[in-house]
Amino acid sequence: MKIMILLSLWLLTFTSLKAAPEAMSIVRKMDQSLNSKNQVITSTMVIHGKRATRSIESKSWILGKDQSFTEYLAPARERGTKMLKLGDQLWIYYPSADRVVNISGHMLRREVMGSDMSYEDMMERRPREELYEALLEGEEEIQGRPVYRILLSAQVPDVAYQKIRLWVDKERYVPLRQELFAASGKLLKVLETLEVMQTTKGWYPQRMRFKDVLKSGQGTEFTVEELLFDQEIPESRFHKGQLRR
Amino acid sequence: MLSFLFKGLLRDRSRSFFPLLVISLGVAMVVFMQAYITGAVGGLYRSTARFNTGHVKVLTQAAVKANQQSPDLALLGNGPLLNQLEEQIPQMSWHERIYFGALLDAPDAAGETKFQATASVTAVDLLSPRSEVQTLNLKKSLASGRLPESPSELLIAQVFMDKMGLQLGDPITLIGGDVNGGMAVGNFKLVGTLRFGVIALDRSALVMELRGAQEFLALGNGATAIFGFYRDGNYFYHRPEALVRNFNAQHPGDSDPYGPVMLMLEEQDDLESLFAIYAQVMTYVYVIFILIMGIVLWNTGLMSGIRRYSEMGVRLAMGETKRQVYGTLLLESLLIGLGGTLIGTALGLIPAYWMQEVGIDITAMMTGEMAMLFEDRIRAQVVPATFVSGLLPGIAAPLLGALVSGLGIFRRDTSRLFVELEV
């Protein structure tokens with residue numbers, strides 16, 4: 001009997017030890033297909049507001065996890081607005097007021113252009129394996145695709161969401177659904193991948209729906225129109241002087 | 001008979017002076033208390049209406065449902081609606097207002113962010129014939145500078161400006177959300193400071209011209225709300241109920257979530273229950289006060305009757321009937337009560353009028369959430385009811401005292417009167 005109990009305990013320990021690295025390796029593979037040394041993304045954001053639906057086009061230059069520059073191309077009211085992220089600092093240039101405004105602290109939690117995304121959501125480029133501990137909760141099927149269900153728990157204090165539940169495609173390693181939670185366990189946002197695209201690095205979410213569950217409206221759709229990896233981006237692109245140009 | 005009793009009261013001051021004094025003072029206190037309570041409830045209505053609710057307020061169905069006022073829930077194309085309101089409800093003045101939250105960003109010399117704070121912005125009409133400068137008492141509230149003369153000028157709470165280290169004439173940038181949820185960014189200039197006497201407003205309030213906010217938020221000729229105020233300035237419980245019902249019947253909200261709906265003051269911010277509780281507490285205070293005063297005045301009547309025990313005995317011994325003696329006792333009491341009430345009402349009206357016109361400054365006592373609800377000055381309000389509020393305690397209480405004390409007259413045996421009187 002004693003042997004049976006010891007065997008069961010050993011099996012349980014072995015299983016849990018085995019689960020952690022497996023979950024983390026899934027997250028690592030997912031990070032690898034989503035991130036690269038640099039990216040240039042042209043995208044369209046469709047915001048389903050309370051009263052109207054707006055479409056905003058933008059182009060972003062991203063270098064590593066600390067530097068990014070975004071320029072809004074349309075509509076006319078937003079055209080010429082530029083955002084520069086350097087580390088944890090964000091500057092926005094508003095052409096209508098000809099002002100460069102620094103967004104920091106709690107202001108980073110505010111929505112971008114009335115969408116369901118916050119500045120924090122936009123700025124976060126760090127691989128998730130550096131920020132979270134992963135636990136494989138199970139395997140399911142979403143949109144007809146087999147997925148891993150993984151729970152991420154924050155290991156560093158400076159993250160926007162303390163827990164994230166991910167549904168990662170088992171073959172493509174692309175997240176098909178994400179639920180973002182506050183420290184209290186309250187669900188804050190849901191991200192759904194509606195379409196995926198193949199890139200030189202693997203699979204990438206081409207069309208996603210962000211839904212801030214605390215807001216009314218039908219959420220924000222984010223579509224990648226063009227995605228280029230490993231481009232030559234001059235350092236000068238990430239200087240504050242670029243904002244007013 | 002009356003003049004005989006009156007002369008008796010005047011000549012025998014021991015019969016009239018003390019009861020008259022007590023009744024006058026008691027009635028004066030009741031009159032003052034009535035005016036004070038009316039003023040307190042009126043003050044609550046005034047401050048609530050001025051800043052938050054109007055006497056009535058027109059919003060979109062969506063804003064009522066979401067229980068918030070923001071540009072994306074605003075009433076749009078308000079020209080025809082304002083015309084309709086002015087035509088159908090001429091007893092009220094109508095004013096558009098826009099409430100919104102924004103990020104205030106103050107630039108340094110290089111035009112980059114020096115500091116930021118979140119601001120609560122109220123946009124009101126300051127320049128057109130519908131100007132609210134008077135309604136909001138803005139000229140008196142101006143601590144420094146001047147009122148805006150163009151849509152790009154702003155007033156700021158003095159406390160807020162000091163906290164931010166800003167100066168009059170400084171440019172600031174406001175960043176908010178427009179009618180479609182998009183970014184609204186604009187530069188403005190600070191031209192004056194205000195002291196609200198309301199903590200929450202003093203810490204974050206900006207006031208701007210309506211047209212400036214409409215342009216900034218891409219609202220066209222829209223507003224987050226239309227406030228209605230009775231032109232006579234008076235408000236009492238559920239006064240606009242009928243006209244609100246009539247307006248809402250003309251605008252059923254089932255088809256358009258952004259159609260107008262009118263709410264009266266008590267229907268907003270759960271004020272119905274708050275006002276009900278407040279009025280009830282004040283009524284209890286008033287009733288308890290009247291009861292206490294009634295007991296004091298009744299006691300005065302009793303004392304007066306008992307003190308005159310011997311006199312009654314002599315009058316009975318001299319042949320007056322018990323009914324006659326009792327009748328004169330009651331009549332005297334009525335005369336004293338009436339005189340005391342008149343004097344007391346006059347005495348009570350003096351501090352009541354002073355409290356109405358001048359009031360007591362309680363700014364130092366108003367902190368936290370209380371400051372949002374109450375005015376920074378306690379005022380009384382003299383209304384027609386104030387003039388008659390002393391009648392019941394002033395006349396009925398001493399009369400009741402005389403009625404009870406005088407009953408002893410009927411219990412006295414005429415055959416034993418001389419023994420009682422030790423003649």
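Lys85(A) stands opposite Leu90(A) in strand β5(A). Strands here are DSSP runs of E with at least two residues, helices are runs of H or I with at least four, and both are numbered from the N terminus. The model you are looking at is predicted: local features need pLDDT of at least 70, side-chain atom pairs count only at pLDDT 80 or more, and totals for chains, interfaces and linings use all residues. Residues are numbered from 1 along each chain as its sequence is written, while chains are lettered from A and ligands numbered from 1 in the order in which they are written.

Let's stay with Lys85(A) for a moment. It belongs to β4(A), where it is also the bridge partner of Ser68(A). Strand β3 (residues 67-74) of chain A pairs with β4 (residues 82-86) in the antiparallel sense over 5 bridges, and β4(A) pairs with β5 (residues 89-94), again antiparallel and over 5 bridges. Two strands are said to pair if DSSP finds at least two bridges between them. How many residues lie between β4(A) and β5(A) in their hairpin? There are 2, and Gly87(A) in this turn has a positive phi of about 65°.

How far can you trust chain A? Its mean pLDDT (the predictor's confidence in each residue, from 0 to 100) is 87, and 91% of its residues reach 70 or more. Over residues 1-21 of chain A, however, pLDDT stays under 50, and the model has 3 contacts there beyond four places in sequence. Where pLDDT is low, the predicted coordinates should not be read in detail.

Now move to where the chains meet. Two residues are in contact if their C-beta atoms, placed from the backbone, lie within 7 Å. By that rule, 21 residues of chain B are in contact with 19 residues of chain A. On the side of chain B that touches chain A, β2 (92-107), β3 (113-124), β6 (171-177) and β7 (183-194) of chain B each give two or more residues. The most come from β7(B), with 4 residues.

Finally, follow chain B to helix α12(B), residues 322-357. Its 36 residues should span 52 Å at 1.5 Å a residue, and because its end C-alpha atoms are 52 Å apart, the two values agree; the expected span is 1.5 Å times one less than the number of residues. Just after α12(B), Gly359(B) takes a positive phi of about 80°. In the loop between α11 (309-317) and α12 of chain B you will find Glu320(B). Leaving aside neighbours within four places in sequence, Glu320(B) is in contact with Arg315(B) and Val325(B).
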